[in-house]
Amino acid sequence: GRCIGVFTSGGDSQGMNSAVRAVVRMGSYLGCKTYYIREGYQGMVDGGDHIVEATWASSSGIMQLGGTVIGSARCKEFRTLEGRLQAAENLIHRRITNLVVIGGDGSLTGANIFRQEWASLIQQLLDQGRISKEEFKDCEYLNIVGMVGSIDNDFCGTDMTIGTDTALHRIMESVDTISTTASSHQRAFVLEVMGRHCGYLALVGALATEADWVFIPEWPPEDGWEDTLCKKLQAERETGQRLNVILVAEGSIDRHGQPITASQVQNLITSRLKYDTRVTVLGHVQRGGSPSAFDRILGARMGAEAVLALMDATPDTPACVISLDGNQAVRVPLMECVERTQQVQKAMDQKNFEEAVRLRGKS
Ligand code: ATP
């Protein structure tokens, strides 16, 4: 059977474990040997016991856990040729020529570079006597398939990334929890949620919690928003509402590119309206806790599809990433999606919001 290596890279997200489990199990079903590569590219470069054979049993009981049990890391060496040579050597000694990468756009880019370089890497390893002729022949091609794990839902080409739904649940639970105490004391709460370039969590979180106001990076409010916001909060109170909830995505800015922060909004409300106003920064709470049913199933379906895609891969097919389209797990070209995602980030940096939103939409 073929050998598959699976690893998680970049920021962790809930549902990654379910994806890893599905890769191991679909691999086993198809007669492949699957290896966990621990700590992302770092484990691939370090080798040794960072690359261990996966078993049915060791992939049990992990679906329920947040984060990634096989570890994730950022790895400087993999950005260098020597690092990638070392990584290739470690894979070849184990005959691993199929990789499943679960990470963000950086991790997927790294995998694609690795695949494009593969022929030259293995030639160098052979010339340097680091691999045998037999190993060289067995490992002529490298196949890669990606899945996107990210709570931000900031990747182009998929309706949802693994982890977003759970992060939304965390936000919703937090707002619900805070609402009871806010209501008792007639307070206003300003919650900072994650999303540096992408306001998805803040926007959908606000819709799901009846928030009074939301700030997202893609939509800087009109000048004079301070007055509008205060009027809105007052109007809510006049209808008998005892609390106010405002969500601020961490990358929010005004029309002049100045950051809008939770504490700034707090100061505004306290000074103008004299409401008792508190700030909560949700931070890593959003990345924590057990994955939602949606993320478990999403990871499972994507993981299974990833292995099927590896089995279908040929040396000439461009690498793919597994994405969710409606309710189907489908294969889309990896580099096209990565490039579009990077274009969105560039457009956001240039404050070209219309372009960013257009690029994010389906083509
Ligand atoms: P997140 O969205 O959570 O930040 P990411 O996958 O985009 O996830 P990065 O830090 O960009 O996170 O990338 C993770 C790792 O992937 C890097 O530490 C590095 O080892 C590898 N990597 C990223 N870009 C490249 C590249 N251009 N060449 C080689 N390796 C890369």
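Two strands are taken to pair if DSSP finds at least two bridges between them, and helices (H or I, at least four residues) and strands (E, at least two) are DSSP runs, numbered from the N terminus. The model discussed here is a predicted one, in which local features need pLDDT of at least 70 and side-chain atom pairs count only at pLDDT 80 or more, whereas totals for chains, interfaces and linings use all residues. Residues are numbered from 1 along each chain as its sequence is written.

Strand 5 (residues 143–148) is mostly covered, with 6 of its 6 residues buried, where a residue is buried if 20 or more other C-beta atoms lie within 10 Å of its own, exposed if 12 or fewer, and partly exposed in between, the C-beta atoms being placed from the backbone. Asn143, Val145 and Met147 point one way from strand 5, while Ile144, Gly146 and Val148 point the other way, and all are buried.

These strands belong to an open sheet of 7 strands in the order 3-2-1-4-5-10-11, with mixed pairing. Its edge strands, each of which pairs on one side only, are strand 3 (51–53) and strand 11 (328–333), and the twist averages 30 degrees from one strand to the next. Angles of this kind run from 0 to 180 degrees between N-to-C directions, and axes are lines fitted to C-alpha atoms, for helices over the stretch in contact. Helix 1 (residues 16–29) packs on this sheet, touching strand 1 (3–8), strand 2 (33–37), strand 4 and strand 5, and its direction makes about 175 degrees with that of strand 1; such contacts require that the C-beta atoms of two residues, placed from the backbone, lie within 7 Å. Helix 4 (residues 105–127) lies across strand 4, strand 5 and strand 10, and runs at about 160 degrees to strand 4.

A second open sheet is formed by 4 strands in the order 7-8-6-9, and its pairing is parallel. The edge strands, each pairing on one side only, are strand 7 (213–215) and strand 9 (277–281), and from one strand to the next the twist averages 15 degrees. Within this sheet, 6 bridges join strand 6 (residues 188–193) to strand 8 (residues 244–249), which run parallel, and Glu192 has Val248 of strand 8 as its bridge partner. Helix 9 packs on the sheet, where it touches strand 6, strand 8 and strand 9, its direction making about 170 degrees with that of strand 9.

Helix 9 (residues 262–273) also meets helix 8 (residues 225–238), the two axes coming within 11 Å and crossing at roughly 65 degrees. That angle makes helix 8 roughly perpendicular to helix 9, on a scale where angles under 35 degrees count as roughly parallel, over 145 as roughly antiparallel, 65 to 115 as roughly perpendicular and the rest as oblique. Glu226, Cys230, Leu233 and Gln234 of helix 8 make the contact with Leu268, Ile269, Arg272 and Leu273 of helix 9.

Helix 7 (residues 200–209) has 7 of its 10 residues buried, so it is largely enclosed by the rest of the structure. The buried residues of helix 7 are Tyr200, Leu201, Ala202, Leu203, Gly205, Ala206 and Thr209, and they pack against helix 6 (164–184), strand 6, strand 7 and strand 8. Just after helix 7, Glu210 takes a positive phi of about 60 degrees.

Two loop residues complete the backbone picture. Arg95, in the loop between helix 3 (81–93) and strand 4, has a positive phi of about 60 degrees although it is not a glycine, and it counts as partly exposed because it has 14 C-beta neighbours inside 10 Å. Gln186, which is found in the loop between helix 6 and strand 6, has a phi near 50 degrees, a positive value in a residue other than glycine, and with 13 other C-beta atoms within 10 Å Gln186 is partly exposed.
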